[in-house]
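Here's a quick report to read with the model open beside you. Take a look at the structure first, then follow along.

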Protein chains: 2
Amino acid sequence: MRKGEISKAVIRRLPRYYRYLGELLQNGVVRISSKELSERMKVTASQIRQDLNNFGGFGQQGYGYNVEYLHEEIGKILGLDVTHNMIIIGAGNLGQALANYNFEKVGFHLIGIFDINPRFEGVSVRGIAIQMLDTLEDFLSEHKVDVVTLTVPKRPAVDLAHHLVDLGIKAIWNFAPTDLNLSEDVCVKNVHLNESLMTLSYEYRAKHSGEARDE
Amino acid sequence: MRKGEISKAVIRRLPRYYRYLGELLQNGVVRISSKELSERMKVTASQIRQDLNNFGGFGQQGYGYNVEYLHEEIGKILGLDVTHNMIIIGAGNLGQALANYNFEKVGFHLIGIFDINPRFEGVSVRGIAIQMLDTLEDFLSEHKVDVVTLTVPKRPAVDLAHHLVDLGIKAIWNFAPTDLNLSEDVCVKNVHLNESLMTLSYEYRAKHSGEARDE
DNA sequence: GTATTATTGTTAATAAAATGACATATCCGC
DNA sequence: GCGGATATGTCATTTTATTAACAATAATAC
């Protein structure tokens with residue numbers, strides 16, 4: 001790992017810190033020590049301190065961390081203070097469900113929904129009209145789109161993703177059950193629900209195998 | 001790590017192997033070496049071999065791995081050969097989207113959908129009537145339910161999860177943006193979409209900060 | 001103000017994961 | 001069948017991640 005680069009394991013933990021700090025903030029907690037936070041979160045205090053110190057010293061010896069300040073700083077680290085314009089491609093059940101989700105609070109602003117299927121023509125979700133996919137190129141030339149949420153089937157996903165990259169898209173939140181294999185400078189975050197279920201299946205078997213199942 | 005126990009990192013990789021092998025199988029590929037698979041998957045051959053050898057020797061020197069056999073064996077390891085009965089609690093957009101998903105092929109059979117909101121009374125999704133949450137206890141006494149998919153808001157999620165555990169549920173697929181803190185013998189798999197987006201946001205900033213944004 | 005306690009930031013030690021190396025076994029062409 | 005090529009399974013090494021230790025610093029009580 002190059003010096004100054006932060007490991008992915010650390011990044012993956014940040015949102016959870018952010019969430020806990022947000023809850024503390026709501027509960028009116030003003031300060032917290034790494035020790036107490038570690039007990040609530042069931043991680044080691046050492047890990048919290050080391051994770052945070054990748055980004056700078058946010059605490060004070062003998063005092064701990066100011067909840068509001070730390071919450072805000074982690075938010076900045078995660079880039080939640082910047083608004084990203086997002087579109088959803090794929091207006092099926094999952095796409096529509098995500099469209100109804102409120103991602104504004106983590107800085108994502110939904111400005112369009114697209115699908116290839118004409119049956120969605122005229123349909124709106126959350127006040128946003130579903131547009132036909134062949135109008136996407138025009139749309140992209142008129143609007144700055146930072147992130148594409150991809151909720152299309154596996155088959156079209158890969159080609160579509162490459163097309164999006166050609167059109168200048170730099171970040172994809174991918175729900176299609178496939179790897180996209182895009183160039184290095186494009187951010188891809190996969191959400192593979194199938195695979196999540198499979199690991200649950202594994203764990204379930206591992207923990208409960210051999211137990212009676214009387215029916 | 002206790003001897004004989006498999007690390008979570010290995011388990012998380014298994015579904016991806018399974019997916020690639022499934023595709024190879026569909027394409028009529030009969031055998032594959034760790035080297036070739038590693039090139040396709042962009043991981044090291046060493047990792048593939050070591051991961052697989054946690055569970056036994058599935059390959060043959062000088063030959064490689066039989067695709068169909070390995071695919072099936074990984075499926076068994078993941079427990080995909082066993083059918084799990086699943087219910088969804090929370091019939092909002094996400095719950096309904098998941099209900100429409102086809103998880104049968106990874107061994108999950110949806111047998112019920114529940115919600116507390118009377119507006120869902122009489123509504124069906126994929127032929128399954130949404131039932132009122134207060135009938136859940138009766139339902140559980142009449143049906144063997146292995147896994148609960150939890151797509152309810154944060155607030156009720158924790159108490160509901162504890163209640164489910166009291167009723168004998170041993171595995172929860174949790175989409176609520178909170179930790180459930182259940183006893184050790186309950187399997188919990190979290191899908192925190194917010195947090196996924198936050199890490200995307202981080203990466204986006206990290207990769208594209210400083211770039212001009214002329215509008 | 002001073003002593004005591006609390007708690008960080010950081011370095012050191014340990015543990016875990018990933019990679020590399022290689023001996024051994026199997027295949028395949030001839 | 002023999003020999004070279006192939007590719008596994010496993011052990012050794014390296015790298016990465018986590019945990020522990022502690023010196024330095026700030027807060028708090030008196």
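Chain A splits into domain 1 (3-77) and domain 2 (84-194), with bounds that come from an automatic or database domain assignment. The centres of domain 1 of chain A and domain 2 of chain A, taken over C-alpha atoms, sit 32 Å apart.

A word on the ground rules: this is a predicted model, where local features need pLDDT of at least 70, side-chain atom pairs count only at pLDDT 80 or more, and totals for chains, interfaces and linings use all residues. Residues are numbered from 1 along each chain as its sequence is written, chains are lettered from A and ligands numbered from 1 in the order in which they are written, and side-chain values use heavy atoms, with hydrogens and water left out.

Now for the DNA. There are 28 residues around DNA strand C, and A:Ser34, A:Arg49, A:Gln61, B:Ser46 and B:Gln50 come nearest. Here, "near" means that a heavy atom of the residue lies within 4 Å of the strand. Of the atoms of DNA strand C that come within 4 Å of the protein, 64% belong to sugar and phosphate.

| Side chain (N or O atom) | Base atom of DNA strand C | Distance |
|---|---|---|
| A:Gln50 | oxygen | 3.0 Å |
| B:Ser46 | nitrogen | 2.6 Å |
| B:Arg49 | nitrogen | 3.2 Å |

Which element gives the largest share of the surface near DNA strand C? That's α3(B), with 4 residues.

Note on methods
Polar contact = N/O pair within 3.5 Å; in protein donor to acceptor, adjacent residues only side chain to side chain. Helix = DSSP H or I, 4+ residues; strand = E, 2+ residues; numbered from the N terminus.
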